[in-house]
Amino acid sequence: MSDLLERLRGRGWRLTAQRRVVAEVLDGDHVHYTADEVHALASDRLPEISRATVYNTLGELVSLGEVIEVSTDGRAKRYDPNAHHDHQHLVCSQCGTIRDVHLQGDPLSALPEPERYGFQVSEVTVTYRGICPHCSAPS
């Protein structure tokens with residue numbers, strides 16, 4: 001059973017066939033699908049699943065804090081099931097591929113006290129941008 005499915009079961013979240021398929025699609029490392037990609041993959045497993053059900057399920061998973069909604073550069077939102085492990089993102093500026101990266105140390109420590117301007121910082125989000133190997137390969 002996937003980590004996401006285990007977490008959802010632990011919460012007592014009712015796992016209908018549709019919800020289970022969406023959770024199964026989201027399972028894995030470096031998974032950052034758009035809602036349309038989740039729908040397409042879920043439809044392969046459960047052809048009768050509707051786009052609305054996928055969108056609603058993704059919204060519920062985000063509200064529960066089990067999935068992170070990732071927005072980059074005005075592209076379609078992507079959904080990251082790696083919500084319970086500290087990580088940042090590496091994004092391809094050309095194709096939009098997203099990879100999880102794990103920083104060494106506390107990213108908050110990189111922000112000197114004078115640069116916090118009195119803010120009580122509660123969250124740090126770091127996004128690295130570049131060109132992925134696929135996009136940088138010669139055609």
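The legends below describe an overview and several close-up views of a predicted model of one protein chain. Residues are numbered from 1 along each chain as its sequence is written, and side-chain values use heavy atoms, with hydrogens and water left out. Because the model is predicted, local features need pLDDT of at least 70 and side-chain atom pairs count only at pLDDT 80 or more, whereas totals for chains, interfaces and linings use all residues.

**Figure 1. Overview of the helices and strands in the protein chain.** The chain holds 5 helices and 6 strands, where helices (H or I, at least four residues) and strands (E, at least two) are DSSP runs numbered from the N terminus. Read from the N terminus on, the elements follow the order α-α-β-α-α-β-β-β-β-β-α. The C-alpha trace spans about 55 × 45 × 25 Å along its principal axes.

**Figure 2. The largest pocket, which lies between two domains.** A pocket is an open set of points on a 1 Å grid over the protein atoms alone, where a 1.4 Å probe fits and protein lies on both sides within 12 Å along at least five of seven lines; lining residues have an atom within 4 Å of a point. This pocket contains about 580 Å³ of space, a volume being the space filled by probe spheres set on the points, which are joined across faces, edges and corners. Of its 24 lining residues, H87, Q88, E123, V124 and T125 lie nearest the centre. Strands β2 (68-70) and β4 (88-92) each supply at least two lining residues, and β2 gives the most, with 3. Because domain 1 (2-80) and domain 2 (88-133) both give residues to the lining, the pocket lies between them; the domain bounds come from an automatic or database domain assignment.

**Figure 3. The second largest pocket and the residues that line it.** This pocket has a volume of about 180 Å³, and its lining includes D3, L4, R7, D27, H30 and H102. Helix α1 (residues 3-11) gives the largest share of the lining, 3 residues.

**Figure 4. The packing of helix α2 against helix α4.** Helix α2 (residues 17-26) and helix α4 (residues 51-64) pack at an angle of about 70°, with their axes 10 Å apart. Axes are lines fitted to C-alpha atoms, for helices over the stretch in contact, and angles run from 0 to 180 degrees between N-to-C directions. The angle therefore makes α2 roughly perpendicular to α4, a term that covers 65 to 115 degrees, while angles under 35 count as roughly parallel, over 145 as roughly antiparallel and the rest as oblique.

**Figure 5. The crossing of helix α3 and helix α4.** The axes of α3 (residues 35-45) and α4 come within 9 Å and cross at roughly 120°, which means that α3 is oblique to α4.
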